[in-house]
Amino acid sequence: MKKSEKIKKKINNYLFDHLHLRNWLNYIWLFILAVASAFLFAFAFTCFVTPAVDSGDMTLVTGGVSGLSQNIVQIVRLCGGTVNTYTLQSILYFAFNVPILIFGFICVGKKFTVYTIINVVLTSVFISLLPDVGFSQPIQEAAVISNSMLTRTLFAGICIGTSAAIAFKGDFSCGGMDVITYYFSLRKSTSVGQYMILVNGIIITLYAIVLFAGNPSDYPTALLSILFSITEILVSSMLIDAINTRNKKVQVQLISSSDYLVDILLAYFPHGATVLNGKGAYSGSERKVIYMIVSSNEIKRVAEVARKVDPNVFIAATPLQQVYGNFFIKPVE
């Protein structure tokens, strides 16, 4: 065993014996994830989505509650409102999240909702503060961003997608429609990104209608706003599905000479298995063929456990599109 593995094992054993310390470290880690996720979203919003928004330049729309807030902000601007755009955006973003967070508390989980609230509050604060402290200005004025909508779109999609994926990794969300899509993805046991695309498409269309209503003669701007915003949402959704592996399934086929491997696997993982009796084509010896469906974030652990039991085990893993029937997913707290 390597020295690093020994140290890691000692730490894990120590934390196993000190439950309160382990829980506090977990709370701190989730808080750090919430801060990182909130800052990354606010950074993308103030630098790439709506740079120089008050100057009338083309903006993107992020979809969800943030996109709905952008629609309200745009309507206020068209009506001659003089409220600071970022301040109004942060206020609306928080206000629209309140009923959704109540839904999350009831239908998803208490811990999930608490850290989602932390994320939403920090996002609102960062959106309001970043432009005032001068953090966003140098990036907004950079030539590669101000002269290229495609660059802005890609950067926004990468940052927003990563922000949501970080939150999902901690079993909470960025708030807004993420809570709703997360709820349905858990119930249907499928990917999150496809639900976000559907909901956000409606928000984008509404934003384009508002832009067109404000200046019908400038319809190319409304059309381009839709196209670039769709691109941003597609990029962010692909990132979310690539990083968030909670709801992805993998079929594992294990071929082993051990009679005890399946019992050990069932002891380690909360999933069933199917065992067939096989025979080696060359050796002619008896083999156990084990079929299991596991979450993609469990596959590495399955291989580690199987190899400890049988160093010569043969393992094949195949990604699955969908699973029907009873499949256990650890509930969100």
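In this predicted model, asparagine 119 counts as buried because its relative accessibility is 0%, a value that falls under the 20% cut-off used for that class. Asparagine 119 is found in helix H5, and its side chain makes a polar contact with the side chain of serine 37 at 3.1 Å. When neighbours within four places in sequence are left aside, the residues in contact with asparagine 119 are Ala34, Ser37, Ala38, Ala167, Phe172, Ser173 and Cys174.

The patch is formed by Phe94, Val98, Ile102, Phe105, Ile106, Ile117, Val121, Val125, Leu129 and Val133, which together have about 860 Å² of accessible area. Its largest share, 5 residues, comes from H4. Phenylalanine 105 lies in helix H4 and counts as partly exposed because its relative accessibility is 42%, a value between the limits of 20% for buried and 50% for exposed residues.

At the level of the whole chain, 13 helices and 4 strands are present, and 44% of the 333 residues count as buried. Among contacts between residues at least 6 apart in sequence, 76% join residues that are at least 24 apart. The chain exposes about 17,700 Å², of which 65% is supplied by carbon and sulfur atoms.

Technical notes:
Residues are numbered from 1 along each chain as its sequence is written. This is a predicted model: local features need pLDDT of at least 70, side-chain atom pairs count only at pLDDT 80 or more; totals for chains, interfaces and linings use all residues. Side-chain values use heavy atoms; hydrogens and water are left out. Patches are made of residues with over 30% relative accessible area and no salt bridge: like charges are joined within 9 Å, nonpolar side chains (Val, Leu, Ile, Met, Phe, Trp, Tyr) within 5 Å. Accessible areas come from the Shrake-Rupley method with a 1.4 Å probe; for residues, only the protein chains shown count as cover. A salt bridge is a side-chain nitrogen of Lys or Arg within 4 Å of a carboxyl oxygen of Asp or Glu. Helices (H or I, at least four residues) and strands (E, at least two) are DSSP runs, numbered from the N terminus. Buried means under 20% relative accessible area, exposed over 50%, partly exposed in between (1.4 Å probe, protein chains only). Contact means heavy atoms within 4.5 Å. A polar contact is a pair of N or O atoms within 3.5 Å; within protein, one must be able to donate a hydrogen and the other to accept it, and residues adjacent in sequence count only if both atoms are side-chain atoms.
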